[in-house]
Structure formats: C-alpha cells, structure tokens
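These are my notebook entries on a single chain. I record what I looked up, entry by entry.

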Amino acid sequence: MRFAAISDRLSLITASDTVIDLARISGGRFGPNIQDAYEHWDELLEFCTTVTEAGTPLSDVPVAEFGNPAPGPRQVFAIGLNYAEHAAESGLTPPEEPAVFTKFVTALAAPYGTVTLVPGKVDWEVELVVVLGRPAYRVDAADAWRYVAGVSVGQDISERVRQRVGPAPQFSMGKSFPGFGPIGPVLVTPDEFDDPDDLELGCLINGEQMQKGRTSDMVFPVPELIARLSAITPLLPGDVIFTGTPAGVGFGRTPERYLAPGDELVSYVRGVGEMRHLLVAGH
C-alpha cells in the first residue's frame with residue numbers, strides 16, 4: 001500500500017492511482033494527521049483492505065500538495081557511513097557498529113519546494129527513510145521488517161563546516177538546519193517490494209547523476225539497524241530512521257562540489273518516487 005500526506009490529510013493511494021481521503025471515508029475513525037496513524041497502523045492497514053471507493057485521480061493532485069509522510073516523529077535516528085564506498089570517499093573504513101546521530105525534528109520538510117542555503121558547504125545525501133509502525137524493543141533482525149510501517153525517500157542535507165566543528169564533530173547540528181531533512185512523497189509498505197532490502201536510490205543535480213546505489217550494499221541493512229537500535233532504546237510508532245547514503249556526495253569529489261542557489265536537487269528511490277527541491281540563497 002502507498003500512503004501520503006496530501007493537503008495535510010492522511011491519504012491512501014490505490015493500485016489504480018487514485019487518492020482516498022482516509023479520515024473522510026472512515027467517518028472519522030482515523031484522523032487527518034498522518035503522524036497519528038502510526039499509532040494505529042495495523043488497524044489502518046486492515047481498514048484499507050475494505051476500501052472500494054474510486055477516489056480522485058492521482059494525476060489531478062498538484063505535487064505541491066504532497067507533504068512529509070512522517071512530519072512529527074518523537075525520535076529521528078540517522079546512520080553515518082552505512083555504505084562502504086561512501087566510507088571510502090570519506091577517508092574512513094566501514095564501521096563495526098552503526099554510527100548513529102540525529103536530525104532534529106524541525107529540520108524535516110516536504111518532498112517538493114525550496115531549501116534555503118546557509119553559509120558554509122551544503123552537501124547532498126540521498127537516503128532510504130524507514131518509518132516505524134509498531135513499538136519495537138529488543139527486536140531480532142529476522143523479525144524487524146514486521147515493525148516497519150513503510151519506507152520513503154529522504155535527503156540528509158548537510159552543512160560540512162558546522163558538521164566538523166570540534167572538539168567533537170557536530171553531526172546533528174550540521175544536518176539540522178530548517179529544510180535539511182525532506183521526506184516523501186509517499187510511504188510504501190514493505191510488502192510492495194520483491195525485496196525491500198534491495199532498492200535503487202540516487203540523486204541528480206540539474207539533471208546530472210550525483211549518486212546511484214542499492215540498499216543491498218548497506219553495511220548494516222534495515223533489519224540489522226532496527227535490531228541494534230532497539231537493543232538500546234525502544235523505537236516508537238512513527239519514529240524515523242535515515243539509513244545512510246551511498247557514494248557520490250559533494251565533499252568526496254575532486255574538486256569538491258556543493259549546492260548553490262538555483263540548483264535543482266532530485267532525490268529518488270525506485271518503487272517509491274522522487275523528491276524535487278530548488279536551492280535558494282539565504283537572507
């Protein structure tokens with residue numbers, strides 16, 4: 001199944017590419033806020049199997065109406081160096097334990113629109129985003145996908161100067177400026193994929209391919225991340241995991257390249273969709 005926040009309302013996108021307003025069709029059983037839906041995810045999935053209404057054609061929905069499908073998580077986890085080639089371009093070896101940091105919730109943003117640049121060196125990092133649909137604590141990797149509501153496209157936009165300010169790196173601060181965590185345009189349940197552990201993802205700047213990878217190349221696949229995170233702290237419905245980026249970021253290039261005003265950044269995961277953002281100068 002595919003879900004979206006369209007005009008700030010929880011929506012189901014059917015197999016025939018029509019859009020159903022779930023709050024309306026359920027008679028208020030489910031509210032319009034998509035974040036609230038993760039608390040009742042199993043109930044929502046069961047209800048959606050009964051929906052027969054035709055709905056509005058997806059082609060009639062302007063892209064600007066799509067919002068972030070996980071706009072208010074209680075916890076945001078992000079994973080660094082989770083692809084060996086990205087670790088190599090960073091001058092590092094793949095980690096033996098997941099490198100975990102956070103992006104603050106105020107950085108999360110919609111899948112279409114503008115991103116305002118800040119002083120420094122602003123870089124791109126396309127990522128598969130995982131959203132939890134059940135409480136998960138001390139979960140075995142073999143069972144981990146059962147706790148996932150769905151996956152989406154994400155960008156871990158990063159200002160590299162602030163990220164490296166010492167004496168300890170400031171990953172969370174360098175990656176949490178407003179708009180530096182767009183997610184969307186839809187959330188896709190894991191059962192929609194032949195293999196949810198092998199998805200293509202990538203990004204382009206002004207039509208030029210910058211990154212292209214497969215999630216099967218992760219150092220720590222999604223189930224392993226959920227197992228290791230939940231071994232330490234309970235994961236809550238609606239929580240977000242940015243799972244890491246493949247090679248091809250700006251600071252790993254020779255010469256280095258960073259985002260500039262007027263750039264169009266396109267981020268995608270095959271089978272999920274794509275995001276588009278215009279970079280604009282700050283004031």
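What percentages of helix and strand does the chain have over residues 76-277, and how far apart are the end C-alpha atoms? I found 11% helix and 34% strand over residues 76-277, with the end C-alpha atoms 22 Å apart. Helices (H or I, at least four residues) and strands (E, at least two) are DSSP runs, numbered from the N terminus. I took the span from UniProt, where an unreviewed entry places the feature "domain: Fumarylacetoacetase-like C-terminal" at residues 76-277. UniProt positions are given in the numbering used here, feature names are shortened, and annotations may be inferred rather than shown by experiment.

Basis of the entries. I note that this is a predicted model, in which local features need pLDDT of at least 70 and side-chain atom pairs count only at pLDDT 80 or more, while totals for chains, interfaces and linings use all residues. Residues are numbered from 1 along each chain as its sequence is written, and side-chain values use heavy atoms, with hydrogens and water left out.

Domains. I looked up the domain assignment of the chain, which gives domain 1 (2-61) and domain 2 (76-281); such bounds come from an automatic or database assignment. The C-alpha centres of domain 1 and domain 2 lie 26 Å apart. I then looked up contacts (heavy atoms within 4.5 Å): 10 residues of domain 1 touch 12 residues of domain 2.

Buried area. I read about 890 Å² as the area buried between domain 1 and domain 2, with carbon and sulfur atoms giving 58% of this value. Buried area is the accessible area (1.4 Å probe) that two parts lose on being put together, summed over both. Arg2, Tyr38 and Trp41 supply 53% of what domain 1 buries against domain 2, more than any other three residues.

Pairs across the domains. I looked for salt bridges (a side-chain nitrogen of Lys or Arg within 4 Å of a carboxyl oxygen of Asp or Glu) and found 1 between domain 1 and domain 2. Asp42 forms a salt bridge with Arg134, and their closest N and O atoms are 2.7 Å apart. On the side of domain 1 that touches domain 2, strand 1 (2-6) and helix 3 (41-48) are the elements that give two or more residues. By class, I listed 6 nonpolar, 1 polar and 3 charged residues on that side of domain 1. Nonpolar here means Ala, Val, Leu, Ile, Met, Phe, Trp, Tyr, Cys and Pro; charged means Asp, Glu, Lys and Arg; the others, Gly among them, count as polar.

Salt bridges overall. My search of the whole structure gave 18 salt bridges. One of them joins Asp21 and Arg9, with the closest N and O atoms 2.5 Å apart. Asp21 lies in strand 3 (residues 18-21) and Arg9 in strand 2, so the pair ties together parts that are 12 residues apart in sequence.

Backbone. I noted a cis peptide bond between Gly184 and Pro185, with omega about -5 degrees; Pro185 lies in strand 14 (residues 181-188). Another cis peptide bond joins Thr254 and Pro255, with omega about -5 degrees. Pro255 is in the loop between strand 17 (240-242) and strand 18 (264-269).

Gln75. I located Gln75 in the loop between strand 5 (66-67) and strand 6 (76-80). Leaving aside neighbours within four places in sequence, Gln75 is in contact with Thr233, Pro234, Leu235, Leu236, Asp239 and Val240.
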